[in-house]
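Please look over the structure below. This report walks through selected helices and a few single residues.

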Amino acid sequence: MDEKTVNAFRILGLTRKETEVYIYLSRKGSLRGRETAKGLGMHKSQVYAILKSLQFKGVVKATIESPTRFQALPIEEV
């Protein structure tokens, strides 16, 4: 990921890892945390912590189904 992208999302209050997860979800659509972790080559617990933070920041939404699926909100809404 290039620095220009990271800096653009930093303005929104996202860290590099949060930006990475957000962009991955925005490209792949609705995914479970485990699928996201596998796709990004990150540890599952790290991804779930990032997803929780992204939900709190209002850039990712979660479904109520089990297992939970996560989806990036469109950048226009963020």
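A residue counts as buried under 20% relative accessible area, as exposed over 50%, and as partly exposed in between. Arg69 has a relative accessible area of 22%, so Arg69 is partly exposed. The model shown here is predicted.

Arg69 is found in strand 3. Thr36 is part of helix 3. Ile64 sits in the loop between strand 2 and strand 3.

| Residue | Relative accessible area | Class |
|---|---|---|
| Thr36 | 0% | buried |
| Arg69 | 22% | partly exposed |
| Ile64 | 90% | exposed |

What does Arg69 touch, leaving out residues up to four places away in sequence? The partners are Ser30, Leu31, Arg32, Glu35, Lys61, Ala62 and Thr63. Take Ser30. It lies 39 residues from Arg69 in sequence, yet the two C-alpha atoms are 5.9 Å apart in space.

Thr36 is buried, since its relative accessible area of 0% is under the 20% limit. With residues up to four places away in sequence left out, Thr36 touches Val21, Tyr24, Leu25, Leu31 and Val47.

**Helix 4**

Helix 4 covers residues 44-56. Its 13 residues reach 18 Å from the first C-alpha to the last, close to the 18 Å expected at 1.5 Å a residue. Which residues of helix 4 are buried? They are Val47, Ile50, Leu51 and Leu54. These residues lie on the same side of helix 4, because they cover an arc of only 105 degrees around the axis. Lys52 and Phe56, on the other side of helix 4, are exposed.

The buried residues of helix 4 have several packing partners. Two are helices: helix 2 (16-28) and helix 3 (33-40). Two are strands: strand 2 (60-62) and strand 3 (69-72). Just after helix 4 comes Gly58, with a positive phi of about 80 degrees.

**Where helix 3 meets helix 4**

Two packed helices are described by the angle between their axes and the distance between the axes. The axes of helix 3 and helix 4 come within 9 Å and cross at roughly 115 degrees. The crossing is right-handed. Helix 3 brings Gly33, Arg34, Thr36 and Ala37 to the contact. Helix 4 brings Lys44, Val47, Tyr48 and Leu51. Sorted by class, the contact has four nonpolar, two polar and two charged residues.

**Helix 2**

Helix 2 should span 18 Å, because it has 13 residues at 1.5 Å a residue. Its end C-alpha atoms are 18 Å apart, which agrees. Its buried residues are Glu18, Thr19, Val21, Tyr22, Ile23, Tyr24 and Leu25. Among them, Val21, Tyr24 and Leu25 are touched by Thr36.

What do the buried residues of helix 2 pack against? The partners are helix 1 (3-11), helix 3 and helix 4, together with strand 1 (31-32), strand 2 and strand 3. Gly29 follows helix 2, and its phi is positive, near 90 degrees.

Conventions:
Residues numbered from 1 in each chain as written. Predicted model: local features only at pLDDT ≥ 70, side-chain atom pairs only at ≥ 80, totals over all residues. Heavy atoms only, no water. Helix = DSSP H or I, 4+ residues; strand = E, 2+ residues; numbered from the N terminus. Expected span 1.5 Å × (residues − 1). Buried < 20%, exposed > 50% of the residue type's maximum accessible area, 1.4 Å probe, protein only. Arc of directions from axis to C-beta. Contact = heavy atoms within 4.5 Å. Axes fitted to C-alpha atoms, helices over the stretch in contact; angles between N-to-C directions. Left-handed = near helix turned anticlockwise from the far one by under 90°. Nonpolar A, V, L, I, M, F, W, Y, C, P; charged D, E, K, R; others polar.
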